[in-house]
Amino acid sequence: MKNAEVAQLLYDIADMLEMQGVQFKPGAYRKAARSVETLSSDVAEVFGKGGKEGREKLMALPGVGESIAEKIEEFLTTGKLRYYDGLKKKFPKHIIELMNVPGIGPKRIKLLHDKLGIKTVAQLEAAAEAHRIAKLPGFGEKSEEDILKGIGTFRKGQERMLLGYALPIAAEIEQRLRKLKETEHVSIAGSTRRMKETIGDVDILASCKGSSAAAKIMRFFTTMPDVTRILAKGETKSSIVLKTGLQVDLRVVDDNSFGAALQYFTGSKEHNVVVRELAIKRGLKLNEYGVFRKSSNRRIAGKSEEEVYEAIGIRYMEPEIRENSGEVEAAARNKLPKLVQYGSVKGDFHCHTVKSDGSNRLEDMVTAAKQLGYEYVAITDHSKSERIAHGLPDEEMEQWLKQIKAAAAKEKKIKILAGSEVDILPSGELDYPDDLLRKMDVVVGSVHSRFKSTKEEMTERILAALDNRYLDILAHPTGRMIGKREPYEVDLKRIFAAAAEKKVLLEINAYPDRTDLKDVHAREAKGFGCKFVINTDSHNTENLKFMDLGVAIARRAWLSPEDVVNTRPLKGLPKFFRKIKV
Ligand code: DGT
Ligand code: CA
Ligand code: CA
Ligand code: ZN
């Protein structure tokens, strides 16, 4: 999988061009980087055998034009990019790394370098801690605090990889192992199987018969093409590091123990502790080899996970809820929730097009939504205050709604809904007048500015927006972006109570670095009686495929199909949206 490498290269080029003061190009490179980064297939596979056809395939990717396609081509065929190397020579070595610290841009990096000789994140941290930065012109104590916070966010982002990016890599390795004739069963385990929003390392479990088979599997695993380091290579466990920095652990067990090992290595650790305690209470012993009677040491289960849980006397639990947050008790009392299913979502309420900051046209988004088998899709470009994202002034939005509705009138296979992602202004007002909001099928409201307000201000601001009778959905309610921005301060309990009362739907944003609401918050909101929609916040046709990452959050939040409005067919929507007619 070359996506992460190619994306990083493009991001770095964008940063370097920006530091040189080049206009527009950095934005184009970032858009292309984002597109490659979030691609569900391998960019190297898209390129295929290369040549003219390969280049055209690359150019078909959202945000990738001819010149960027050529650069990707050069990198994929030669492993190098002369343009990148040339740019890099013009900057001190470590400055590129500094660009990844949130909240500090090229101008400040240059100043810090020229005045204090700062070249690395470690030096930046030391300088901020020693209060050497506050003295510089244009900086102050507050900037030092912000820099330290930014470094914290950056480090957290480096330690763990987003599930959305790790999952395709893990799935690819799982597939490769499955194809080996030596393997009997193969499964992803650990936090990746539990679909946690970020993962520390990928765990994979394989079973086979006999030790020579195990040795062959290990040899295959440690010599895969993307391996840069082998941390450990043993008979039952090996660990490798991929070029992207991702660590992958493989355990190989005897096929008779596959279920017990899968239960053990899926975790979470906390879940395992509780299950093991329960086993002991029932006169049993549970470990990664099986379930045993304590008295006779006779093995009574181990081949499948279902069998393991059953032997202990509890229901099978989906991996997503194995976090020791009440699932074992619920399973013992036969009170497990019916979880929303992957692939069960019937439409998306949050999509952008080239009209604001998306990369694809309305027609392309609609076609892609149809390919997913959706019954409906809402087009929600940005509102006027979002200048960087080319939000539409009132008049233009009005025209755009007309165009969307005209397209909807001609479309037979899918219901196209006309809407907007409307900024919730610092005053709590929405970014468009009621007259205009009234013309939208769907109004998605979100906070995109003044993230540093006090908790009280932010809470009042969002509460005021929830009061607006035209608001249908509160988008990404906490505003966080993993590795880039901490959530804003807000009293979520008051927001959840008000959303339930005003019947405003809460978004579970499936975009990999947002996952907002996150699992624990969505579960808490359900307790307040809130209803949800899972949205991808797509900025291109590929992004629409993130939906199941949002379903994973919903499952981790114990949500059932009834809780998630977009698991309903089109005819079920008017109950939840004032202006949708079917
Ligand atoms: P991560 O990698 O930080 O995202 O989280 P996990 O859950 O994948 O944790 P990891 O990779 O350290 O271990 C994989 C699984 O192995 C874990 O979910 C449960 C199991 N496991 C690891 N260490 C222990 C342990 O000390 N006790 C128990 N009961 N289980 C463990
Ligand atoms: Ca792990
Ligand atoms: Ca591990
Ligand atoms: Zn959006």
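At what angle do the axes of helix H4 (residues 51-59) and helix H5 (residues 66-78) cross? Select both helices: their axes cross at roughly 120° and come within 9 Å. Helices here are DSSP runs of H or I with at least four residues, strands are runs of E with at least two, and both are numbered from the N terminus. The axes are lines fitted to C-alpha atoms, for helices over the stretch in contact, with angles running from 0 to 180 degrees between N-to-C directions. H4 is therefore oblique to H5; under 35 degrees would be roughly parallel, over 145 roughly antiparallel, 65 to 115 roughly perpendicular, and the rest is oblique. The crossing of H4 past H5 is right-handed, the near helix being turned clockwise from the far one by less than a right angle.

Before moving on, note that this is a predicted model, in which local features need pLDDT of at least 70 and side-chain atom pairs count only at pLDDT 80 or more, while totals for chains, interfaces and linings use all residues. Residues are numbered from 1 along each chain as its sequence is written, chains are lettered from A and ligands numbered from 1 in the order in which they are written, and side-chain values use heavy atoms, with hydrogens and water left out.

**The calcium pair**

Next, select ligands 2 and 3. These two calcium ions lie 3.6 Å apart, and Asp 201 coordinates both. Donors are N, O and S atoms within 2.8 Å of the metal, or 3.2 Å for Na, K and Ca; water is not among the atoms, so sites may look incomplete.

Start with the calcium ion (ligand 3). Its protein donors are Asp 201 (OD), Asp 201 (OD), Asp 203 (OD) and Asp 249 (OD), at 2.4 to 2.6 Å. Along the chain these donors follow the spacing D-x1-D-x45-D. Asp 201 sits in the loop between strand S3 (198-199) and strand S4 (202-208), whereas Asp 249 belongs to strand S7 (residues 247-254); the pair is 48 residues apart and links distant parts of the chain.

Now show the calcium ion (ligand 2). Asp 201 (O), Asp 201 (OD) and Asp 203 (OD) are its protein donors, 2.2 to 2.5 Å away. The site has six donor atoms with angles of 69 to 165° and is irregular. For six donors, octahedral would require opposite donors over 155 degrees apart and all others between 65 and 115.

Are Asp 201 and Asp 249 buried or exposed? Both are buried, where buried means under 20% relative accessible area, exposed over 50% and partly exposed in between (1.4 Å probe, protein chains only). Asp 203 is buried as well, with a relative accessible area of 10%.

**Cysteines**

Select Cys 208, which is buried at 3% relative accessibility, then Cys 351, buried at 0%. The disulfide count is zero, a disulfide being a pair of cysteine sulfur atoms within 2.5 Å.

**Backbone stops**

Most residues other than glycine have a negative phi, and most peptide bonds are trans. The remaining selections depart from that.

- Gly 267 to Ser 268: this peptide bond is cis, with omega near -5°. Ser 268 is in the loop between helix H14 (258-266) and helix H15 (269-281).
- Asp 516 and Leu 517: a cis peptide bond joins them, with omega about 0°. Leu 517 falls in the loop between strand S16 (505-509) and helix H23 (519-527).
- Asn 334: phi is positive, near 60°. The residue lies between helix H17 (327-332) and strand S11 (347-348), in the loop, and is partly exposed at 48% relative accessible area.
- Asp 537: phi is positive, near 55°. This residue is in the loop between strand S17 (532-535) and helix H24 (547-556), and is buried at 4%.

Definitions and conventions:
Four donors count as tetrahedral if all angles lie between 85 and 135 degrees; four count as square planar and six as octahedral if opposite donors are over 155 degrees apart and all others between 65 and 115; anything else is irregular.
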